[in-house]
Amino acid sequence: MRWLETGHSSLLSTLLWLLGCASALGAAQQFIYKKQYAMGTVYEIAAYDPSPERASKAIEAAFHRIVELDHMMSNFDESSDLSRLNRSAHFHAEPVPADLYRAIQDSLIYSRLSGGKFDISVAPLVDAWKAAQTRGQPLSASVIEKLRRCVGYQQIEMIPPNRIEFHSPCLRIDLGAIGKGYAVDRAAEALRSYGLQSALINAGGSTIYALGAPPGQPGWLVHLRDPSRRLDPTVLLQDDSVSTSEQNRSSLIDPEAFGHIINPFTDRPVNATLAVSVVARTAVATDGLSTTLFLMGPQEGGRLVRRLPDVAALWVSPAGKSNWVSTGPQIMMHHSAIHSLR
Amino acid sequence: MTSSMRIPRVILILACMLLPQPGWGRVLIRWTEPAIPSSHALGISDVVIDWGPQQQALIEAAKNKGFHVYTEVAAEEAHAEAARIAREGLAGIVVKASGSSPAPQNHQRLIQAIRSAYPKLGILLLEPGGKQPQMRGTMVVNRNGILEVSSPTRQPWIDSNVALIRFERVYDPPEAPLIGFEWNLTDDLERKLGPPPEDYLLAIAEAGAFDADLILNLHPKLQQGLAQGDKESWAIWQRIRRYIAFYSHRRGQHLKPLANIGVITDDYDVSYEAVNLLARHNIPFRFITPQEFASSPVESLALIIAWSPLNESSARKMADFASSGGTAVLVGGQGAFPWRSRPPIRKNENAAIYSEGAGRIVELSEPIVDPEAFAQDVRRLLKPQQVEMSLWNALTVLANHYQKSGTEDVLELVNYSEEPLRVQVRLKGIFSTIRYETPERGCCQPITPTQDHNFTEFIVPQLRIGGRVHLGRE
């Protein structure tokens, strides 16, 4: 599944602390939980609502929206709108559905912010590296050079209101690094349209959006990914989102084995062991920024975060070294508190 | 007196004879509510009812309505209870094994002893460790209201019983393992209404596809609906029944899965996580007991993974296997192995790789810290021509490839996401005709394959939950 190939930010290990909720709920608020497979991952929605029937319908509507976007943005499905765009937009402006236009437009924001380190046109390289991983051999320099000509977000022209043109003969778009975030935001809209005020949307652990707060709580307490297992950072979400990116470990035998995140500047999988978590107002922002900040690293990435409103980012190394930057949201280190809870 | 009790006994006997007989792919329904429809109406013959004085009326009603009634008894009490159960005219006992993980060696003697003493009783062994098959999210809700989000794998997390079933098969090959589980109902609505119908279908599909028998717990709401003739409940039941019928086709047969990877272990718990991930990645493997490894040929295998300690002769055999081109993977191996007299060709904190003749030996430190990476390593250690099966767009699909006859293979597919998928398959071997059947659409839709060297590729157009591909050789 192509979504997985690039869209697989590493897993976010979180704990949502709702102690006391059960008693606070009484009969008024009921807990509803459902899951749905889409975009190569498991979407989960947990909600509190006085009417479980209404909550159930709202969640179904949210999932319907996610599946609709999956069909639109899938690279695997040849009949998807994205596949059609990738086949026919070379030197030809192609009309696309509003959601696809908006998702690509949002992606280009992060490409520009990162100076091209986040790039949705990296698909040809990602696919080639994926195939190389299956073979267990890295790509040759000549193959990389050939594919390099197909990559570059500057070659994507957005023609309002709904057309897109590629100024390259072989450019292809892969929304794996941002599509989940876009889908999560649309799912949140669907839940709100049904009047839900307390819900959590989780896209495979890598992108989470909190709508409101659990009953009787100030927010949804989420434990962030911590490769060191020492810091146990947490964030309290309320109408905002968190995403995590981390390069997947792919081999016990070969420490040089490559992971899934490709750096468009080096054309190679990133050899980094940091996990980065990003908090922001929307899931598309956290999804896009988490990959961007992973690629940029704490120094350059920290400078970017300081330019953005209401964003927090945390880099954690397997050795327990952390860097934290915020222009609003607070990331807490609740190490001792959480251990006492467990 | 119920109406069915007025039906002449001879008709009931005939009806029972016409009902499916015990065999592979068998589903026993656990019934807990006081009222039960007839066996004929449900179209199944076996029910499991808890043993106890308050259940006497239900047991009698079930017997009178044509069911073979089994009752569940703890292993420790099974022998003592058997006499009473036989006197009561029940069809058999489900012996609930003790412990939290399978220990087939310990229970086989008990089962044999009860069978010898009560030859007319059906004696089934329910192994512990069965779990609800499902695609898992990363949120976990517990009774204190804690939601936990975590996952040991990068792919969608799947709870399956495949490793358990295969482990059971090693120790008692002629018997289909009997698995069961409690439903994991996560929210208020599910607890009230029961699991979605698709979850019942998935449980039946998994057991059927991987050659196990199943005790299926029906939610009380569904039982009540069936007993009261509720239309919606019966519509759900018809779907369940269709799946039961679909997976009853192999009754009386045991089809051996095709696998060129051997896993030597006698400790299910130690190897479970890693073996589970092999199954999860559709890497075809079969368990081998240490005794079987010592005494049986292993030439048909391409790769052997050993969790059990190797004695001197087994280590020699492993070295011979590698010398002739095989790959051996030893997990936490301790001992003065012959290959250690030479330096490894590669070494890191997790692994040392030794060259051995035409093959190699990989020694991994224990425990395996990342079962996902381990599963990927195993696939990479195979040469391209040794990869028996590859699936694409199938992150939530588990597959089982059997050889049915000299001219036909069968590929069973189970989709744990319960959402329709278009699955691309590549199998080792040349198959000229491909036919696809599902419980929903019946048999059979022809599929056009393509052949590439010694491999066949095709696309399964729509896999919802369970599907079967018939592969014809020329």
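Me: What percentage of the residues of chain A count as buried?
Reply: This is a predicted model, and the total for the chain uses all residues. A residue is buried if 20 or more other C-beta atoms lie within 10 Å of its own. Of the 342 residues of chain A, the share that counts as buried is 56%.

Me: How many helices and strands does chain A have?
Reply: The elements are DSSP runs, numbered from the N terminus. For chain A they come to 10 helices and 17 strands.

Me: In chain A, what share of the contacts with a separation of 6 or more comes from residues 24 or more positions apart?
Reply: Two residues are in contact if their C-beta atoms lie within 7 Å. Take the chain A contacts with a separation of 6 or more; residues 24 or more positions apart account for 66%.

Me: Are α3(A) and α8(A) roughly parallel or antiparallel to each other?
Reply: Helix α3 of chain A spans residues 52-73, and helix α8 of chain A spans residues 179-193. Their axes come within 8 Å and cross at roughly 150°. Angles over 145 degrees count as roughly antiparallel. The two helices, α3(A) and α8(A), are therefore roughly antiparallel.

Me: Is the crossing of α3(A) and α8(A) left-handed or right-handed, and which classes of residue make the contact?
Reply: On the α3(A) side, the residues include A58(A), I66(A) and L69(A). Those they meet in α8(A) include Y182(A), A187(A) and L191(A). The crossing is right-handed. By class, the contact has 11 nonpolar, one polar and two charged residues.

Me: Where does D266(B) lie, and is D266(B) buried or partly exposed?
Reply: D266(B) sits in the loop between β12 (261-264) and α11 (268-280) of chain B. Inside 10 Å, D266(B) has 18 C-beta neighbours. Buried would take 20 or more. D266(B) therefore counts as partly exposed.

Me: Which residues does D266(B) touch, leaving out those up to four places away in sequence?
Reply: Start with I288(B), 22 residues from D266(B) along the chain; their C-alpha atoms are separated by 8.4 Å. Contact is judged on C-beta atoms within 7 Å. By that test, D266(B) touches T289(B), P290(B) and S308(B).

Me: How many residues does each side give to the contact between domain 2 and domain 3 of chain B?
Reply: The assignment places domain 2 at 261-386 and domain 3 at 389-472. Their C-alpha centres lie 29 Å apart. The contact takes four residues from domain 2 of chain B and six residues from domain 3 of chain B.

Terms used. Residues are numbered from 1 along each chain as its sequence is written. Chains are lettered from A and ligands numbered from 1 in the order in which they are written. This is a predicted model: local features need pLDDT of at least 70, side-chain atom pairs count only at pLDDT 80 or more; totals for chains, interfaces and linings use all residues. Helices (H or I, at least four residues) and strands (E, at least two) are DSSP runs, numbered from the N terminus. A residue is buried if 20 or more other C-beta atoms lie within 10 Å of its own, exposed if 12 or fewer, and partly exposed in between; C-beta atoms are placed from the backbone. Domain bounds come from an automatic or database domain assignment. Axes are lines fitted to C-alpha atoms, for helices over the stretch in contact, and angles run from 0 to 180 degrees between N-to-C directions. Angles under 35 degrees count as roughly parallel, over 145 as roughly antiparallel, 65 to 115 as roughly perpendicular and the rest as oblique. A crossing is left-handed if the near helix is turned anticlockwise from the far one by less than a right angle, and right-handed if clockwise. Ala, Val, Leu, Ile, Met, Phe, Trp, Tyr, Cys and Pro count as nonpolar, Asp, Glu, Lys and Arg as charged, and the others, Gly among them, as polar.
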